[in-house]
Amino acid sequence: MCSVLTRVRPIHRAVALSLRLGANTEGSSYAATQSRRLSPGKNSVLDLQRNSRFYCSRIAKTEGLLVRQLFEVESSTYTYLLADTNTREAIIIDPVLETIDRDLHLVEELGLKLLLAVNTHCHADHITSSGLMKKRIAGLKSAISKFSGASADILLSEGDKICFGKHYLTVRETPGHTDGCTTLVSADESMAFTGDALLIRGCGRTDFQQVNQWGSKLKLYHKHVPTCNTDWMCFCESGQTVSTVGEERKYNPRLIKSKYEFVELMNSLNLPKPDKIDIAVPANLVCGLHGL
Ligand SMILES: [Fe+2]
């Protein structure tokens, strides 16, 4: 049995998509998110997303692996709780400060032992709850990419394995939206949690949090477009919560573009600055709470 984190040989097969979930001001679906805020109740799918607890409909393929998808309304962030149903060891991905009570209540209801709170990247649209969770759960560790610039108990690198019970997620570095973006891939490669790097029918914006914007776009493009494994599943946003890599390769308007078309498109988005970026990023550099 492995500890929470083990280092393994880097896996050179690039990862590509995964799941995220969250249409937000950082991602490609800003317009949809704004529309949702301005026109509540207009769309039944979006209404569903307003539920404080929004579970993923997909059942994990791996026996003994519990997967719960949770949703935070204001930032449209998806949080994932994964656990080994035998040992009860669990991890949480991208927890949000506003929903910490809901998330920890669910952990308690399910009788889980939360080992790790991991952030796929340093978020700009919400404050992570990982720091506050550490104060409320003895022994809980935090983790984020070593390239994020943020502090955490564990700094992740390509190929690291995040273990809980007999299960694990493999860390794949997928920069572009931010330098420290990671995608977390299940052992059977049936699930990948992409954060904002890749969204259903979109991808995260590449015009902030990095100095070299041209480089960021190319990093995102090269990490995702040519190397998608068609078997992988994606759990994302834009009204949908699950997709496959094959489906995204066919229908994602960004993945079907050439490198130069992709860069041109990303340069023309002209997205507004995320509402919380000046608060969220500094806070998330220290696990979500200043001074931790
Ligand atoms: Fe983001």
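Let me begin with one unit of the fold: strand E5, helix H4 (residues 130-136) and strand E6 together form a right-handed β-α-β unit. Please keep in mind throughout that this is a predicted model.

First, the chain as a whole. It contains eight helices and 15 strands. Of its 292 residues, 53% count as buried. Among contacts with a separation of 6 or more, 66% are between residues 24 or more positions apart.

I now turn to the sheet to which E5 belongs. It is an open sheet of six strands, ordered E2-E3-E4-E5-E6-E7, and its pairing is mixed. At the edges stand strand E2 (65-72) and strand E7 (154-156); each has a single partner strand, so one side of each is left without a neighbour in the sheet. On average, neighbouring strands of this sheet are turned by 25° against each other, direction ignored.

Is strand E5 largely enclosed or open to the outside? E5 covers residues 113-118, and five of these six residues are buried, so the strand is largely enclosed by the rest of the structure.

Consider next the two partners of E5 in turn. With strand E4 (residues 89-93), E5 pairs in the parallel sense over five bridges. One of the positions involved is alanine 90, whose bridge partner in E5 is leucine 114. The chain passes from E4 through helix H3 (residues 100-109) to E5, and this β-α-β crossover is right-handed. With strand E6 (residues 141-145), E5 also runs parallel, and three bridges join the two. Here alanine 117 stands opposite serine 142 of E6, and valine 118 stands opposite alanine 143 of E6.

The next topic is the nonpolar interior. In soluble globular proteins, nonpolar side chains tend to be buried together. The largest nonpolar core in this model has 45 residues, and those with the most contacts inside it are Leu82, Ala90, Ile91, Val118, Ile162 and Leu184. Setting aside neighbours within four places in sequence, leucine 82 is in contact with Leu65, Leu66, Val67, Ala90, Ile91 and Phe164. There is also a second, separate core of ten residues, which includes Ala197, Leu198, Cys203 and Met266.

Why does isoleucine 91 count as buried? The reason is that 27 other C-beta atoms lie within 10 Å of its own, and the threshold for a buried residue is 20 or more. Again leaving aside neighbours within four places in sequence, isoleucine 91 is in contact with Leu82, Leu115, Leu116, Val118, Ile162 and Phe164.

I close with two backbone details. Glutamate 189 has a positive phi of about 60° although it is not a glycine. Glutamate 189 is placed in the loop between strand E10 (182-186) and strand E11 (192-193), and it counts as partly exposed, with 16 C-beta neighbours inside 10 Å. Cysteine 287, likewise a residue other than glycine, has a positive phi near 65°. Cysteine 287 lies in the segment after helix H8 (277-284) and is buried, with 26 other C-beta atoms within 10 Å.

Technical notes: Residues are numbered from 1 along each chain as its sequence is written. This is a predicted model: local features need pLDDT of at least 70, side-chain atom pairs count only at pLDDT 80 or more; totals for chains, interfaces and linings use all residues. A residue is buried if 20 or more other C-beta atoms lie within 10 Å of its own, exposed if 12 or fewer, and partly exposed in between; C-beta atoms are placed from the backbone. Helices (H or I, at least four residues) and strands (E, at least two) are DSSP runs, numbered from the N terminus. Two strands pair if DSSP finds at least two bridges between them. A crossover is right-handed if, with the strands pointing away from the viewer, the path from the first strand over the helix to the second runs clockwise. A nonpolar core is a set of buried Ala, Val, Leu, Ile, Met, Phe, Trp, Tyr and Cys residues joined through C-beta atoms within 7 Å. Two residues are in contact if their C-beta atoms, placed from the backbone, lie within 7 Å. Axes are lines fitted to C-alpha atoms, for helices over the stretch in contact, and angles run from 0 to 180 degrees between N-to-C directions.
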